[in-house]
Amino acid sequence: MNPENIVRNLRLLWRTDRIIAEMRLRHMLVGLGLRAFAALIAAFGLLMFELAGYFALVQVINAIAAAAILGAVNCAIALILLLIASRRSPGQELTLANEIHDSAVNALQGEAQAAQSQVNRLLHHPLEGVLPLIVPLMTAAISYLRKPAAPE
């Protein structure tokens with residue numbers, strides 16, 4: 001268990017989460033902007049086609065049937081536009097950021113498992129954890145006891 005690795009992996013995880021969120025937001029905004037622009041252009045173009053089609057159909061059939069036919073054509077065009085907008089892919093940058101995110105999460109899980117195993121080992125064998133501290137303390141105590149007392 002290395003605290004530096006944990007901090008490094010947490011920073012990496014935070015940065016990749018931020019990058020992934022920014023990429024997803026940018027992707028959604030671009031998609032929304034394209035959809036809105038397509039809707040605006042389609043609305044103006046469709047209005048002109050509607051007007052021309054309506055005048056042409058009124059000469060052949062009655063006004064109610066002409067309006068119904070034009071409404072069905074409008075729904076079909078809207079469906080086609082929605083299908084085109086939903087097929088955009090997020091790109092390779094998001095895939096790379098997801099891979100880095102996953103590796104950081106896996107590294108943090110490995111550090112957590114190492115810490116858990118050390119805690120379990122210390123709980124089952126407490127002298128193993130204390131022994132590295134006892135040896136330097138004993139050598140310091142022995143060297144202190146060997147020193148002659150300072151004359152007063």
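1. Helix 1 (3–60) and helix 2 (63–86) each supply at least two residues of the lining of the largest pocket. Helices here are DSSP runs of H or I, at least four residues, numbered from the N terminus. This is a predicted model, in which local features need pLDDT of at least 70 and side-chain atom pairs count only at pLDDT 80 or more, while totals for chains, interfaces and linings use all residues. Residues are numbered from 1 along each chain as its sequence is written, and side-chain values use heavy atoms, without hydrogens and water.

2. The volume of the largest pocket is about 270 Å³. A pocket is an open set of points on a 1 Å grid where a 1.4 Å probe fits, with protein on both sides within 12 Å along at least five of seven lines; lining residues have an atom within 4 Å of a point. The volume is the space filled by probe spheres set on the points, which are joined across faces, edges and corners.

3. Of the 15 lining residues, R35, A38, A39, L81 and L82 lie nearest the centre of the largest pocket. By class, the lining has eleven nonpolar, two polar and two charged residues (nonpolar: Ala, Val, Leu, Ile, Met, Phe, Trp, Tyr, Cys and Pro; charged: Asp, Glu, Lys and Arg; polar: the others, Gly among them).

4. A67 lies in helix 2. A67 counts as partly exposed because its relative accessible area is 42% (buried is under 20%, exposed over 50%, partly exposed in between, with a 1.4 Å probe and protein chains only). E50 is 17 residues from A67 along the chain, and their C-alpha atoms are separated by 8.8 Å.
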